[in-house]
Amino acid sequence: NEIKRYDCFLKSLEISGLQKKELEYCIFPGMPGYYESVDAIMVTSSEEGAGLPSMEAAAAGRLVFSTPVGYFGHNHDKGAGVLLPLDKEELVNKASEYLKYYSENSKEFIDMCIVSQEFARENYDWTKVIDSWLSIFLK
């Protein structure tokens, strides 16, 4: 659909030569196992609420590639992951470049995963996140 834009994800993987790992229906207790089975996640959405998958993946030490949506959109410049543009064509081109680069440069990839996890540990703590949400809803 036009909000999630799964086609951008598939095309980026095809161009970069990487394989996807589909997330089957999974309830919360199964999510740690899913994140252990992937190296990174990609969010191609044009709109997103909080963007919980980005937060979960970063906390699990996985690199997040995302458009500037949800909580990630407010924190990408602070080490939350790799920012992708909203424009579909630019998104596919940039995502393909980043995926190829990080697949060929494992040290940089691992360093980015560590930075993302540290960012999550410092910034996605509910006691810190709740204040930003309350400020939105209590206006």
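**Figure 1. The bridge between F65 and V82 in the predicted model.** In β3, V82 is the bridge partner of F65, and the pairing of strand β2 (residues 63–66) with β3 is parallel and rests on two bridges. Strands are DSSP runs of E with at least two residues, helices are runs of H or I with at least four residues, and both are numbered from the N terminus; two strands count as paired if DSSP finds at least two bridges between them. This is a predicted model, in which local features need pLDDT of at least 70 and side-chain atom pairs count only at pLDDT 80 or more, whereas totals for chains, interfaces and linings use all residues. Residues are numbered from 1 along each chain as its sequence is written, and side-chain values use heavy atoms, with hydrogens and water left out.

**Figure 2. The whole chain, as context for the close-up views.** The chain has seven helices and three strands, which follow one another along the sequence in the pattern α-α-β-α-β-α-β-α-α-α. The radius of gyration of the chain is 15 Å, close to the 14 Å that the globule rule gives for 139 residues, so the chain is as compact as a globular protein of that length; the radius is taken over C-alpha atoms, and the rule is 2.2 Å times the number of residues to the power 0.38. Along the principal axes, the C-alpha atoms fill a box of roughly 45 × 30 × 30 Å. Of the 139 residues, 36% count as buried, where buried means under 20% relative accessible area, exposed means over 50% and partly exposed lies in between (1.4 Å probe, protein chains only). Among the contacts with a separation of 6 or more, 54% are made by residues 24 or more positions apart, a contact being heavy atoms within 4.5 Å.

**Figure 3. The three-stranded sheet.** The strands form an open sheet in the order β1-β2-β3, with parallel pairing. The edges are taken by β1 (40–43) and β3 (82–83), each with a single partner strand, so one side of each is left without a neighbour in the sheet. Strands β1 and β2 run parallel and are joined by four bridges; in β2, the bridge partner of A40 is L63. From β2, L63 and F65 point one way while V64 and S66 point the other way, and all are buried.

**Figure 4. S66 and its surroundings.** S66 lies in strand β2 and is buried, with a relative accessible area of 1%. Not counting residues up to four places away in sequence, S66 touches V43, S54, F72, V82, L83 and L84.

**Figure 5. L99 in helix α5.** L99 is found in helix α5 (residues 88–104) and, at 9% relative accessibility, counts as buried. When residues up to four places away in sequence are left aside, L99 touches S12, L13, S16, L18, M42 and F65. One of these, M42, is 57 residues from L99 along the chain, and the C-alpha atoms of L99 and M42 are separated by 9.9 Å.

**Figure 6. C8 and T44.** C8 lies in helix α1 and counts as buried at 2% relative accessibility, while T44 lies in the loop between β1 and α3 (52–59) and is buried with a relative accessible area of 5%. Leaving aside neighbours within four places in sequence, C8 is in contact with T44, K88, L91 and V92. With the corresponding neighbours of T44 left aside, T44 is in contact with I3, K4, R5, Y6, C8, F9, T67 and L91. The C-alpha atoms of C8 and N93 are separated by 9.4 Å, although C8 and N93 are 85 residues apart along the chain; T44 and F9, 35 residues apart in sequence, are 6.5 Å apart in space, C-alpha to C-alpha.

**Figure 7. The backbone at R5.** R5 lies in the segment before α1 (6–16), and its phi is near 55°, a positive value in a residue other than glycine. Most residues other than glycine have a negative phi. At 5% relative accessibility, R5 counts as buried, and R5 is among the residues in contact with T44.
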